[in-house]
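This report goes through a predicted model. Please keep the sequence and the coordinates at hand while reading.

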Amino acid sequence: MNLFQAINNSLDLALSSDPTAIIFGEDVAFGGVFRCTVGLQEKHGKSRVFNTPLCEQGIAGFGIGAATAGATAIAEIQFADYILPAFDQICNEAAKYRYRSGGLYDCGSLTIRAPCSAVGHGALYHSQSPEAFFAHCPGLKVVVPRGPIKAKGLLLSCIRDKNPCLFFEPKILYRSAVEQVPVKEYTMPLSKADILVEGDDITLVGWGTQVHVLREVCQLAKDQLNVSCELIDLVTILPWDKETIAQSVKKTGRLLIAHEAPLTSGFGAEIAASIQHDCFLNLEAPIERVTGFDTPFPHMFEPFYMPDKWRCFEAVKKLVNY
Amino acid sequence: MLPIRLACYGLRSVAANCKRINIGALSQITRKFSSDERPQFPGSRSQWTEKLEFIRPDLYDGIPVYRVMDRKGKVIDPSQDPQLSQEMVIKMYKCMTQLNTMDRILYESQRQGRISFYMTNYGEEGTHIGSAAALDPKDLIFGQYREAGTLMWRGFTLDQFMNQCYGNMEDGGKGKQMPVHYGSKDLNFVTISSPLGTQMPQAVGAAYSYKRAQNGLCVMCYFGEGTSSEGDAHAALNFSATLDCPVIFFCRNNGYAISTPSKEQYRGDGIAGRGPAYGMLTIRVDGNDVFAVYNATAKARQVALNEMRPVLIEAMTYRIGHHSTSDDSTAYRSVDEVRYWDERDHPISRLRNYMLSKGWWGDVQEKEWKENCKRQVMTAFARAEKKLKPNWKEIFTDVYHEMPSHITEQLKQMEEHVQKYAEHYPLKNFSKD
């Protein structure tokens, strides 16, 4: 299965196992602009899989209300770039629902999915990775899968999680990431980072598409520098698995974080600040971040904007030679 | 004769589907399909015109205001009197007056520094009690912040109101929010939040859930005329209509959004003027007429549930009090204007006159109730003031369903700090458990 098929499968299982589950958003009825909801309206009915008017703040607000009143609400925002009108509903409302009501009300059964990240030609408004905005909002969970197998399990976990969850799906992986995805129903734990490659010299941390870039960097480093990299997929941005990263950095003494989102206040900043605090005496070099630049996401210049394997490789070189 | 819709599929299928149709009929169908009798655009549903004419909204009179009683409380058309029982009407009266009394005491308590903030409901008691009385107690209410009477009607006690305002350890909200941000699960009143209008699309989603659950309940969504300018209001009205949700939108048009008068809030025919544009059943009522509010809400509920569609009620009223304890409305409106509404068109006096005319109330009962009511409010007030605040560690609870490790870490750090610097923190005011 590719990524959109895995997500489709996960949504199908969610609807089949939970009669209160509903999926809604722009264009989800015919299958969605990325085909994640293909066949679902046909199978589960128009009252459960339906289009909403074109209004992200409405989609988010509607989802919160539906969740509060007992439904498992799965909202789709067409592109993560367009989630910003829903920011008030997501951060001022969904995230705070349980806290401000003293636990009387909550919208834990709300999940919002959105395609994110670079796709090659998306430019300013079809390439964004907004995870950092939401990481700053206590009460939310933010998850970014790296491929079909993780996506199916993580999405089901988010849907069943008793907290409002944001699930950002790297759109470039929708068709290109293909894996042998188990057909059965399964979930995967949130807030647990995955160590994908074990190593001794340097820790590399990323999420989503960037994990695949860093995998190539591991190989380059091994071949050209004889450096052994430990590759970690963070998986969940909020709450994030600090322990796994810290443990790794205590072993390697070096940390490189890479993400597509811009440098300043990108989520790498949070990881860097926390890890330098917890692992100060273990560090052999400053923590390095290789990220998108502090500019909007450009169209023609995407190959220069991205935190590609050469920029990451160069950073690895710098760190091991510090 | 075939319907026009079938004709759109193409002449070949038409012919295939109706072997029995004669040539004459077929040519008539052809004519309908190719004629421009009506516009065929998917997005519209009207007729053609060859006149270049703009709609002039300023030339139309606004949607009329439905009322049952005149300003003095006399029923105008007896067929509109809901004929509520004496018991019910007295309950309504007592609820409105108790709300008024509680407002006076709590407003004063803020002036004296006992609570941090308060918002009164003066002048709008009719909108609360009239509408709440027409709902099922299990209908879910999403409010804005000036609907305390609906909670009071449902049975929220004076203690519960005061505990929330004092943010003490008995507050259902665990001291997390400013005063008047009430919430009650038992009474189906969703906890108030400060951002305006956010409750509106939420009410729509909740109504959709209720529709799917087939539980025979509707959702009631209150908001002010100022809030109706928020984007969320537009989103909510549009979604509710397109998704066929059993939700009643109740707009309290009280003439002011803090200092902004309604003529600076909108240029069209208020909020009711927008309902038809969304394809929604709409009515405008006299919000200071408890029976008009009651009748409209009862009917709206019936329609919402029987036809699975939203209804918009715009209740015209007047905000007699300041916006809140942080506001002095003499800065932007005349005392005379306020006095007019207080003395000449008040929901409580109008209902009282109705009760007097029925022989259900008199000076003796009024005096007795006034004293009784004040005493109850004062004793609840004294009780609430004495209670401790919740344990300060509640800061860290309910952020998530379960407490994640990073929050536990912060809690532990603060525990150590408070232990070390105990004398610098107001611990004696907070509960130990």
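## Backbone features in chain B

In which loop of chain B is B:Gln83 found? B:Gln83 sits in the loop between β1 (65–66) and α4 (86–111) of chain B; helices (H or I, at least four residues) and strands (E, at least two) are DSSP runs, numbered from the N terminus. Although B:Gln83 is a residue other than glycine, its phi is positive, near 55 degrees. The relative accessible area of B:Gln83 is 59%, and the residue is exposed; exposed means over 50% relative accessible area, buried under 20%, and partly exposed in between (1.4 Å probe, protein chains only).

B:Met308 also has a positive phi, about 50 degrees, and is not a glycine. B:Met308 belongs to the loop between α10 (290–307) and β9 (311–316) of chain B. With a relative accessible area of 26%, B:Met308 is partly exposed.

## Conventions

This is a predicted model, in which local features need pLDDT of at least 70 and side-chain atom pairs count only at pLDDT 80 or more, while totals for chains, interfaces and linings use all residues. Residues are numbered from 1 along each chain as its sequence is written, chains are lettered from A and ligands numbered from 1 in the order in which they are written, and side-chain values use heavy atoms, with hydrogens and water left out.

## Chain B as a whole

Chain B has 14 helices and nine strands. Its C-alpha atoms fill a box of roughly 100 × 65 × 40 Å along the principal axes. Of the 433 residues in chain B, 50% are buried. Chain B exposes about 22100 Å², of which carbon and sulfur atoms supply 52%; accessible areas come from the Shrake-Rupley method with a 1.4 Å probe, and for residues only the protein chains shown count as cover.

Among contacts in chain B with a separation of 6 or more, 72% are between residues 24 or more positions apart; contact means heavy atoms within 4.5 Å.

B:Ala236 is placed in helix α9 (residues 231–242) of chain B. Its relative accessibility is 0%, so B:Ala236 counts as buried. Not counting residues up to four places away in sequence, B:Ala236 touches B:Met200, B:Pro201, B:Val204 and B:Phe249. B:Gly205 is 31 residues from B:Ala236 in sequence, with a C-alpha to C-alpha distance of 8.9 Å.

B:Val377 lies in helix α13 (residues 363–386) of chain B. At 0% relative accessibility, B:Val377 counts as buried. With neighbours within four places in sequence left aside, its contacts are B:Thr101, B:Met102, B:Ile105, B:Leu158 and B:Met162. B:Val377 and B:Ala300 are 77 residues apart along the chain, and 34 Å separate their C-alpha atoms.

## Domains of chain A

Chain A is divided into domain 1 (1–174) and domain 2 (192–319); domain bounds come from an automatic or database domain assignment. The centres of the two domains of chain A, taken over C-alpha atoms, are separated by 27 Å. In the contact, 27 residues come from domain 1 of chain A and 24 residues from domain 2 of chain A.

In chain A, a cis peptide bond joins A:Leu238 and A:Pro239, with omega about -15 degrees. A:Pro239 is in the loop between β10 (236–238) and α10 (242–252) of chain A.

## Nonpolar cores

In soluble globular proteins, nonpolar side chains tend to be buried together. A nonpolar core is a set of buried Ala, Val, Leu, Ile, Met, Phe, Trp, Tyr and Cys residues joined through side-chain atoms within 4.5 Å. The largest nonpolar core here has 92 residues, and those with the most contacts inside it are A:Ile90, A:Phe168, A:Leu234, A:Ile271, A:Ile275 and B:Phe249. Helix α8 (residues 199–213) of chain B gives the most to this core, seven residues. Domain 1 (1–174) and domain 2 (192–319) of chain A both give residues to this core, so the core lies between them.

Leaving aside neighbours within four places in sequence, A:Ile90 is in contact with A:Ala60, A:Ile83, A:Ala95, A:Ile112, A:Phe134, A:Leu140 and A:Leu166. A second, separate core has 78 residues, including B:Leu151, B:Val303, B:Ala315 and B:Tyr318.
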